[in-house]
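Open the model in your viewer and keep the sequence panel beside it. We'll go from stop to stop, selecting as we go.

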Amino acid sequence: MILITGAAGFIGLNYIKYLLNNNQKDFVVVDKLTYAANTKEFLKLGVSFEKVDISNLMSLERIFDEYKIDSIINFAAESHVDNSIDDCTPFIASNIIGTVNLLQLARIYKVNKFLQISTDEVFGEVPAPGKFNEYSNICPRNPYSASKASAEHFVNAFHNTYGLNTLIVNCSNNYGPYQNSEKLIPKIIRNALDDKPIPVYGDGKQIRDWIYVEDACSAIHAVFENGVFGERYCISGMCETSNIELVKCVLDRLEKPYNLIQYVADRPGHDTRYSTDATKLVNELKWKPSWNFVDGLKETIEWIKNESRI
């Protein structure tokens, strides 16, 4: 039985749908159903579910007592950078304490496999033409990425100290259906559809590496099934674009004017560029993305339009 945490959130929900579409049902989900959860859509799936906060060790231990857990995939995390700047306390609880709780129980209950879902943000920023890879220095620059980096250190420590079979994936920026409106792409699309100002930090020239969530899920599954224990794998959609180019692309597709763009004061500690090299994943696990950015963005826009009509 696979324990999947945080599966009512954006990537977790899409991963559950990926498993169900591939006729895999031997899993149980725990989630505390925060504001970022797509609770309505998640509950419609009818999967085995327990409402649990992974930072609560006693509640989490009950799951291990009731189910025969042999593997763990940890999606659970507070993930919005702006929120971490306002108050990092929930990030410490979920991203660090929650991960350590899972690792402790994985060791006690002799779990066979532990996959930590992390982010490329733990590497900080990279100047062009460089890219992050599995050997890049960990250099987080905001409270969110610091909490995820700390969790990674504990994952590696449990592998080295206790022999726990661990895996880490560092994924570039995801987008697609079911993403919370606080995130960049859905915020741009929704504001544009409603003819509302679209806030752009600084000059908008910050570069991000985007991956359609369905591709991220297939990459995560490839690592879960065939990754080498004790190693990390970088996941990338191999699509870099600046934030301002992204905004203009959405506005062009929706036939909306550029005067909706509203430049605002830059975010503290805002990383200039992320770029992730997925060569290891491609060469060793034979994975490759199926979606290009244009098609993925079109699908995302259509999903948000349809959701808005419901």
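Two strands pair if DSSP finds at least two bridges between them. Helices (H or I, at least four residues) and strands (E, at least two) are DSSP runs, numbered from the N terminus. This is a predicted model, where local features need pLDDT of at least 70 and side-chain atom pairs count only at pLDDT 80 or more, while totals for chains, interfaces and linings use all residues. Residues are numbered from 1 along each chain as its sequence is written, and side-chain values use heavy atoms, with hydrogens and water left out.

**Stop 1: the seven-stranded sheet**

Select strand S6 (residues 166-171) and S10: they pair in the parallel sense over five bridges. Click on valine 169 and you'll find tyrosine 233 of S10 opposite. Now bring up the rest of this open sheet, which has seven strands in the order S3-S2-S1-S4-S5-S6-S10, with parallel pairing. Strand S3 (49-51) and strand S10 (231-235) are at the edges with a single partner strand each, so one side of each has no neighbour in the sheet. From one strand to the next, the twist averages 20 degrees (angles run from 0 to 180 degrees between N-to-C directions, and axes are lines fitted to C-alpha atoms, for helices over the stretch in contact).

**Stop 2: two helices crossing**

Keep helix H3 (residues 57-66) and show helix H5 (residues 89-108): their axes come within 10 Å and cross at roughly 40 degrees. Show side chains for Leu57, Leu60, Glu61 and Phe64 in H3, which meet Asn101, Leu102, Leu105 and Ala106 in H5; contact means heavy atoms within 4.5 Å. Six of the residues in this contact are nonpolar, one is polar and one is charged (Ala, Val, Leu, Ile, Met, Phe, Trp, Tyr, Cys and Pro count as nonpolar, Asp, Glu, Lys and Arg as charged, and the others, Gly among them, as polar).

**Stop 3: asparagine 74**

Is asparagine 74 buried or exposed? It counts as buried because its relative accessibility is 0%; buried means under 20% relative accessible area, exposed over 50%, partly exposed in between (1.4 Å probe, protein chains only). You'll find asparagine 74 in strand S4 (residues 71-74). Beyond four places in sequence, its contacts include Thr5, Ile54, Leu102 and Phe114.

**Stop 4: the three-stranded sheet**

Next, select S7, S9 and S11, an open sheet in the order S7-S9-S11 with mixed pairing. S7 and strand S9 (residues 207-212) pair in the parallel sense over three bridges, and tyrosine 175 has tyrosine 212 in S9 as its bridge partner. Helix H8 (residues 213-226) lies across S7 and S9, at about 75 degrees to S9. Helix H9 (residues 243-254) lies across S9 and S11, at about 85 degrees to S11.

**Stop 5**

Most residues other than glycine have a negative phi, and most peptide bonds are trans. Zoom in on the peptide bond from alanine 128 to proline 129: it is cis, with omega near 5 degrees. Proline 129 is in the loop between strand S5 (113-119) and helix H6 (143-162).

Finish at asparagine 23, in the loop between H1 and S2. Though not a glycine, asparagine 23 has a positive phi of about 60 degrees, and it is exposed, with a relative accessible area of 65%.
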